[in-house]
Amino acid sequence: MAEKPRLKLPKEAKKGEIIEIKTLLPHIMESGQRKDKDGKPIPRKIINKFVCEFNGKAVFVASLEPAIAANPYMQFHATVEESGTFKFSWTDDDGVIITAEETITVT
Amino acid sequence: MRPLSRRAALALGAAGAALAFIGLGRRASAAAKEAADMIAKFTGGKTAEQGKISIELPEIAENGNTVPLSISVDGSMTSDNYVSEALVVADGNPNPGVATFQFSPLSGKAEASTRIRLATTQNIIVVARTSKGEFFTNQKLVKVTIGGCGG
């Protein structure tokens, strides 16, 4: 089973502030280019999509290819005008979606 | 069979190396073409203007398995005019696609950082689109000591 994602963002911010968000999901990101010891290709298994939403609105979306390194790391920004919840989701090639949430207080 | 003379063995080796080199060259140019096709698809055939994008990458990546990449697109991020998307391609990887980032006015800044895999020394090309349909591009060469695509 997939491991827990790691999130780093402030708990509090001022209205209109641009905050920095860092996320990391432990994942092998098997590229599909590698071969096992018998020379058979190892099938691709990557996180192909990352989505960050704030109060239901898309903030940042990344479509990922096998060229993203293992344990996909994403750093991006968000403008916050109100308190609310950030929702993060990672979609695996096998259809599994891993999610995480974090709230922020905006004053 | 008569054992190979030293000279013949050397000649064979050189021919082999030359062949391998041609093979690699062909593969690299195919990737570059695929990268160009991806960009053309992204822009819909429009010409992207040079500039407005900064790409941060190490000049020499010792380990192609994980290379830090930061891109930043200079532009307004208001709801009626913002940087909406950025395509990142690597023109020497087996698959040139790296990532597509979609920004929104809520992003505040059209900036993203991640870590990427690079098979060999190559160009990283970024093409950005604004909500008004303008395109900007920039690229950066990165030297890779050990490729990161497994074998």
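Trainee: Which residue stands opposite K87(A) in β8(A)?

Mentor: K87(A) stands opposite E101(A). This is a predicted model, in which local features need pLDDT of at least 70, side-chain atom pairs count only at pLDDT 80 or more, and totals for chains, interfaces and linings use all residues. Residues are numbered from 1 along each chain as its sequence is written, while chains are lettered from A and ligands numbered from 1 in the order in which they are written.

Trainee: Which strands are joined to β8(A) by bridges?

Mentor: Strands are DSSP runs (E, at least two residues), numbered from the N terminus, and two strands pair if DSSP finds at least two bridges between them. Strand β7 (residues 84-92) of chain A is joined to β8(A) by eight bridges and runs antiparallel to it. Strand β2 (residues 12-13) of chain A has two bridges to β8(A), and these two run parallel; here A13(A) has V106(A) as its bridge partner.

Trainee: How many of the ten residues of β8(A) are buried?

Mentor: A residue is buried if 20 or more other C-beta atoms, placed from the backbone, lie within 10 Å of its own, exposed if 12 or fewer, and partly exposed in between. In strand β8 (residues 97-106) of chain A, the count is one.

Trainee: What is the phi of N71(A), and where is this residue found?

Mentor: Most residues other than glycine have a negative phi. N71(A), not a glycine, has a positive phi of about 55 degrees; it is found in the loop between β5 (57-64) and β6 (73-80) of chain A. N71(A) is partly exposed because 16 other C-beta atoms lie within 10 Å.

Note on methods:
Helix = DSSP H or I, 4+ residues; strand = E, 2+ residues; numbered from the N terminus.
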